[in-house]
Amino acid sequence: MTPQARLAARQQYSTPIIAALKPWFEKQLSMISSGSKLAEDIRYGLAHWEGLTCFLDDGRLELDTNPVENAIRPICLTRKNALFAGHEIGAENWALLSSLVATCKLNDVNPVAYLAETLDAIINGHPQSQIEELMPWRFRKTSSPNP
């Protein structure tokens, strides 16, 4: 579905359920032992309520994090394995580079072009206060996104 159609469906079907869920959680919290695991889980949900319900306001957001988790799993494994690279600084540098390359791929950006242009911008004095402009998701799309 398009983001607009997903948003409309969420607002029609999910919003009433979510609206009833929060007071229900709060009521359950008052009825169970405050030290129980269930109370801990409910408090966690209530503390993160804004993040848990943001899908109601944005049809682009996925309800399930599995696609993201599956996309980053190989990168996380590679980064973890790099910790055994023989030197801590080398492993940290490898982890940073792996994260940048993975972020480029997730944003359909050619990692080589991104790194070259970003390093060039930094060398030419790009202001640190405007570092957000250099993030992979802000980089222009290239003709060969994933080498």
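Helices (H or I, at least four residues) and strands (E, at least two) are DSSP runs, numbered from the N terminus. The structure described here is a predicted model, in which local features need pLDDT of at least 70, side-chain atom pairs count only at pLDDT 80 or more, and totals for chains, interfaces and linings use all residues. Residues are numbered from 1 along each chain as its sequence is written, and side-chain values use heavy atoms, with hydrogens and water left out.

The protein contains six helices and zero strands. Along the sequence the pattern reads α-α-α-α-α-α. Burial was assigned from relative accessible area: buried is under 20%, exposed is over 50%, and partly exposed lies in between (1.4 Å probe, protein chains only). By this criterion, 20% of the 147 residues are buried. The protein exposes about 10,600 Å², of which carbon and sulfur atoms supply 61%. These areas come from the Shrake-Rupley method with a 1.4 Å probe; for residues, only the protein chains shown count as cover. Contacts were defined as heavy atoms within 4.5 Å. Of the contacts between residues at least 6 apart in sequence, 57% join residues at least 24 apart.

Helix packing was examined next. Two packed helices are described by the angle between their axes and the distance between the axes. Axes are lines fitted to C-alpha atoms, for helices over the stretch in contact, and angles run from 0 to 180 degrees between N-to-C directions. Helix 1 (residues 3-31) and helix 2 (residues 37-47) have axes that come within 10 Å and cross at roughly 145°. Their crossing is left-handed. A crossing is left-handed if the near helix is turned anticlockwise from the far one by less than a right angle, and right-handed if clockwise. Helix 1 contributes Lys22, Phe25, Glu26, Gln28 and Leu29 to the contact, and helix 2 contributes Ala39, Ile42, Arg43 and Leu46.

The axes of helix 5 and helix 6 come within 9 Å and cross at roughly 115°. This crossing is right-handed. On the helix 5 side, the contact involves Leu97, Leu100, Val101, Cys104 and Lys105; on the helix 6 side, Pro111, Tyr114 and Leu115.

Nonpolar cores came next. A nonpolar core is a set of buried Ala, Val, Leu, Ile, Met, Phe, Trp, Tyr and Cys residues joined through side-chain atoms within 4.5 Å. The largest has six residues: Ile18, Ile42, Leu46, Trp49, Phe55 and Leu56. A second, separate core has five residues, including Val109, Ala113, Tyr114 and Phe139. In soluble globular proteins, nonpolar side chains tend to be buried together. Tryptophan 49 is in contact with Ile18, Leu21, Lys22 and Phe25, leaving aside neighbours within four places in sequence.

Threonine 15 lies in helix 1. Threonine 15 counts as partly exposed because its relative accessibility is 32%. Threonine 15 and leucine 56 are 41 residues apart in sequence, yet 6.7 Å apart in space, C-alpha to C-alpha. Beyond residues up to four places away, threonine 15 touches Arg10 and Leu56. Alanine 5 is also found in helix 1. Its relative accessibility is 29%, so alanine 5 counts as partly exposed. Alanine 5 and glycine 59 are 54 residues apart in sequence and 7.4 Å apart in space, C-alpha to C-alpha.

Two loop aspartates were also examined. Aspartate 58 lies in the loop between helix 3 (49-53) and helix 4 (66-81). Aspartate 58 is buried because its relative accessible area is 18%. With residues up to four places away not counted, aspartate 58 touches Leu7 and Arg10. Aspartate 108 is placed in the loop between helix 5 (88-106) and helix 6 (111-123). Aspartate 108 is partly exposed, with a relative accessible area of 37%. Its phi is near 60°, a positive value in a residue other than glycine. Aspartate 108 and arginine 140 are 32 residues apart in sequence and 9.5 Å apart in space, C-alpha to C-alpha.

The structure holds zero disulfides. A disulfide is counted as a pair of cysteine sulfur atoms within 2.5 Å. Cysteine 54 is partly exposed, at 34% relative accessibility. Cysteine 104 is buried, with a relative accessible area of 1%.
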